[in-house]
Amino acid sequence: MPDPRRAVKGPRYSGPRASTRVRDAVDSFSGRSPARFATLIFLFLIALFTFLFTLPISSSSGRGTGFADSLFTAVSVICVTGLSTVDMATHWSLFGEVLIYIGVQIGALGVLTVASLLGLVISRRLGLRSRLLAAGEADPSRNVSGGRAAVRLGDVGGLLATVAVSALVIEFVLAVLIFPRMLVAGIPPVQAALQSFYYSAMAFTNTGFTPNAEGLTPFATDYYFLGILMLGVFLGSIGFPVIYAFSRAIRTRGRQRWSLHVKLTVITSLILLGGGALVYFGLEFSNPGTFGPLGFGDKLFQSLFLSTMTRSGGFATIDIDHLNGSSMLVTDMLMFIGGGSASTAGGIKVTTIAVLFLAAVAEARGNDPIQAFRRRIPVDILRLAVSVVLWGATTVAVATIVILQITGASLDDVLFDVISAFGTSGLSTGLTARLPDAGIYIMAGVMFMGRIGTVTFAAALASRQSRQLYLNPEERPIVG
């Protein structure tokens, strides 16, 4: 007869499973420092793709690619920049091309969106701080201000779904439109389909790589094909919050109240696009190396195409180093501004320059609040805009000085390629392909800074935000 005093044996509890502990640890870390978590994710992706690009299977020659070229390619792909130190159309094998295609799709989702999605998968929930972070990526002002954001907190789940669905749908439609043009060019159907999806991905992600060694030279006068590329680049550069707002407007049949972010993004983008085209038309009208030999209508179209690509597209139908010095300076300015927030484009973003312009107008008129479309913009948004421009300009200036010292190249070429790297534009004077390894590492760092965003990088380095509980006496320095 069993002793009733003896405890009945059962399964021993050994605490939570390893997978649960890992998930909780990741969720805790991403909640404490979501910006740092996002940065680490991109660093991990760059390290992974660098390793994959060094493998012999990734190159068409069957030999391993050097570390500097592999690292630069990985950063350019993940950061959807479009700059390269090797011939992207001939150096890589089919396996390497697949890696490039996958990499730009991951990079196009954006740093914070990828972090939010991975955090959601791992922790099986999207915490409040992660939601605030994703909302901040949709509208950077939400990180600092308690005001109305471009995407409300409850809409973050819909925004994340829109990011993935819109990318797939837009790229598929672009590929369908490109496919007949590939067939007309005499490309076999299977290869034509592959190139169509490749071009559509590189257009929407604003990367600018081409699958053929000639680049866009065979299509330099094909305005149907170039028009599709411009459409893809524009849709990718306006930002997912704007696409999300457009999709909601379609679902509600136009009964949609446009946020201030959407209005500023669309209007500023169109002004820069049209203004840039007119400037290029005037500056390059008689340049024999670019638009000089073209007819009047061709000059207008090519000017518009170039203005679109400077926003971060990276495609080019002309030799960039043949531009006049004045046009190169205009291009520097457009690339530095870039596209919309939470988009596949880089730069300081169009809303940043819009806020600075509105602040200048308000100051000139003697108005205390900064206003646009009957909405008041908080002062802390102006501070954020100034910080973005300052950190961006500092990054470009330091990298330019270092590369000038390393290479001894002309200031025009170095400044152009450095700003192209920071703005993830992909246009180049040819300097990047000639850089020594030290210059390659510097440019890779600039691309990384330009893609993850200077504000995100600064937040990732900060251990915590502190609130000052006292105010010092006010004193006004002399400015101007």
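**Labels and their cut-offs**

Author: Helix H15 is followed by Gly 408, whose phi is positive, near 70°. This is a predicted model, in which local features need pLDDT of at least 70 and side-chain atom pairs count only at pLDDT 80 or more, while totals for chains, interfaces and linings use all residues. Residues are numbered from 1 along each chain as its sequence is written, and side-chain values use heavy atoms, with hydrogens and water left out.

Reader: What makes a stretch a helix, and how many helices and strands does the protein chain have?

Author: Helices (H or I, at least four residues) and strands (E, at least two) are DSSP runs, numbered from the N terminus. By that rule the protein chain has 18 helices and 2 strands.

Reader: How do you know what span to expect of helix H10?

Author: The expected span is 1.5 Å times one less than the number of residues. For the 12 residues of H10 (240–251) that gives 16 Å, and the end C-alpha atoms are 16 Å apart, so the two agree. H15 (residues 379–407) has 29 residues and reaches 42 Å, close to the 42 Å expected. H13 (residues 325–337) reaches 19 Å with 13 residues, close to the 18 Å expected. Just after H10, Arg 253 has a positive phi of about 60°, and H13 is followed by Gly 338 with a positive phi near 75°.

Reader: What is Leu 358 in contact with, leaving aside its neighbours within four places in sequence?

Author: Contact means heavy atoms within 4.5 Å, and Leu 358 is in contact with Leu 264, Ile 370, Gln 371, Ala 372 and Ile 377.

Reader: What makes a set of residues a nonpolar core, and which members of the largest one touch the most others?

Author: A nonpolar core is a set of buried Ala, Val, Leu, Ile, Met, Phe, Trp, Tyr and Cys residues joined through side-chain atoms within 4.5 Å. The largest has 92 residues, of which Ile 100, Phe 225 and Phe 315 touch the most other members. Helix H2 (residues 34–54) gives the most to this core, with 8 residues. A second, separate core of 10 residues includes Leu 264, Ile 370, Ala 372 and Ile 381.

Reader: Why is the pair of Asp 222 and Arg 181 called a salt bridge?

Author: A salt bridge is a side-chain nitrogen of Lys or Arg within 4 Å of a carboxyl oxygen of Asp or Glu. The closest N and O atoms of Asp 222 and Arg 181 are 1.8 Å apart, so the pair meets the cut-off. The pair links distant parts of the chain, with Asp 222 in the loop between helix H8 (189–204) and helix H9 (223–237) and Arg 181 in helix H7, 41 residues apart. Asp 222 and Arg 181 are both buried. The structure holds 1 salt bridge.

Reader: What makes a patch nonpolar, and which residues form one on the surface?

Author: Patch residues have over 30% relative accessible area and no salt bridge; like charges are joined within 9 Å, and nonpolar side chains (Val, Leu, Ile, Met, Phe, Trp, Tyr) within 5 Å. Here Val 165, Leu 168, Val 169, Phe 172, Val 173, Val 176, Leu 177, Phe 197 and Tyr 224 form such a patch, with about 830 Å² of accessible area together. Accessible areas come from the Shrake-Rupley method with a 1.4 Å probe; for residues, only the protein chains shown count as cover. Helix H7 (residues 156–184) gives the most to the patch, with 7 residues. Val 173, which lies in H7, has 41% relative accessibility and therefore counts as partly exposed.

Conventions: Buried < 20%, exposed > 50% of the residue type's maximum accessible area, 1.4 Å probe, protein only.
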